[in-house]
Amino acid sequence: MQVFPTFYMKKVMATKQGQQIRFATSLDGTRIAYACAGAGPILVRSGRWIGHLELDRNSAVRRPFHDEMCRTYAYCMHDTGGTGLSDRDVTDVSLEAQVRDLEAVVGAAGFDRFSLPGISGAGTIAVAYDARHPQRVTRLALQETTSRGIMKRNPTPQQIAETQLLVKLIEVG
């Protein structure tokens with residue numbers, strides 16, 4: 001069983017389930033906010049398309065999941081560049097940039113080997129990271145993810161209309 005490196009535990013672990021926000025610097029200079037809590041095998045969750053470490057940790061919806069992960073794992077997560085506590089003024093939100101953000105977090109945290117879940121949109125990030133660093137990922141778990149978005153999978157006219165409506169809702173509000 002792999003646990004946090006000793007130097008990391010002394011600096012970061014406030015309580016078994018508490019979290020302290022730290023920052024890693026991605027290759028392009030973007031400061032990426034990350035937090036780790038819990039104890040046990042290391043589980044690194046890639047950033048989501050939108051998130052906020054502090055708000056997520058205290059959310060009535062997300063807190064139970066976070067608490068459960070921290071009971072079993074040394075659970076580490078980060079805000080994607082442009083969201084949450086990470087630098088907001090980000091122009092490159094490509095898959096490549098998001099993989100670099102994950103590389104920066106893993107490097108700053110000092111993790112050699114860890115499990116990597118890819119949930120929803122973060123699945124492609126997890127797969128790309130694992131393809132580049134197979135020696136570091138002990139387990140890759142994918143949930144509700146796809147290699148191509150709906151508009152790249154021969155969508156029906158209704159799916160096109162629904163997707164365009166969702167995009168417009170995001171633009172408006």
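This is a predicted model: local features need pLDDT of at least 70, side-chain atom pairs count only at pLDDT 80 or more; totals for chains, interfaces and linings use all residues.
Where is the place of E144?

View 1. Residues are numbered from 1 along each chain as its sequence is written, and side-chain values use heavy atoms, with hydrogens and water left out. Helices (H or I, at least four residues) and strands (E, at least two) are DSSP runs, numbered from the N terminus. The chain has 173 residues, and 42% of them count as buried (under 20% relative accessible area; exposed is over 50%, partly exposed is in between, with a 1.4 Å probe and protein chains only). Now take the contacts (heavy atoms within 4.5 Å) between residues at least 6 apart in sequence: 65% of them join residues at least 24 apart.

**View 2. R57 and D67 meet in a salt bridge.** Side chains of opposite charge can pair when their charged atoms come close. To count as a salt bridge, a side-chain nitrogen of Lys or Arg has to be within 4 Å of a carboxyl oxygen of Asp or Glu, and the structure holds nine of these. In this view, the side chains of R57 and D67 are paired at 2.8 Å, N to O. R57 belongs to helix α2 (residues 53-58) and D67 to helix α3 (residues 63-72), so their pairing ties together parts that are 10 residues apart in sequence. Both R57 and D67 are buried.

**View 3. A network of salt bridges takes in D92, E96, R100 and R132.** Start with R100 and D92, whose side chains form a salt bridge at 3.2 Å, N to O. R100 counts as buried because its relative accessibility is 15%, whereas D92, at 30%, is partly exposed. Next come R132 and E96, with a salt bridge at 2.8 Å, N to O. R132 sits in helix α5 (residues 122-132) and E96 in helix α4 (residues 95-109), so this pair ties together parts that are 36 residues apart in sequence. R132 is partly exposed, with a relative accessible area of 37%, and E96 also counts as partly exposed, at 34%. Salt bridges with shared partners join D92, E96, R100 and R132 into one network.

**View 4. Helices α4 and α5 cross.** Their axes (lines fitted to C-alpha atoms, for helices over the stretch in contact) come within 9 Å and cross at roughly 65°, with angles running from 0 to 180 degrees between N-to-C directions. That makes α4 roughly perpendicular to α5 (65 to 115 degrees; under 35 is roughly parallel, over 145 roughly antiparallel and the rest oblique). The crossing is right-handed, so the near helix is turned clockwise from the far one by less than a right angle. Residues of α4 that meet α5 include L95, V99, L102 and V106; among their partners in α5 are I125, A128 and Y129.

**View 5. A closer look at α4 and what follows this helix.** The 15 residues of α4 should span 21 Å at 1.5 Å a residue, and the end C-alpha atoms are 21 Å apart, which agrees (the expected span is 1.5 Å times one less than the number of residues). Among the buried residues of α4 are A97, V99, R100, L102 and A109. After α4 comes G110, with a positive phi near 80°.

**View 6. T80 sits in the loop between β4 (74-78) and α4.** T80 counts as buried, at 9% relative accessibility. Setting aside neighbours within four places in sequence, T80 touches G47, R48, S86, Q98 and D101.

**View 7. E144 is in the loop between β6 (137-143) and α6.** Most residues other than glycine have a negative phi. E144 has a positive phi, near 50°, and counts as exposed at 66% relative accessibility. N154 lies in the loop between β6 and α6 too, with a positive phi of about 50° although N154 is not a glycine. N154 counts as exposed, at 75% relative accessibility.

**View 8. Helix α6 (residues 157-172) is hardly covered.** Among the 16 residues of α6, the count of buried residues is one. From first C-alpha to last, α6 reaches 23 Å, close to the 22 Å expected at 1.5 Å a residue.
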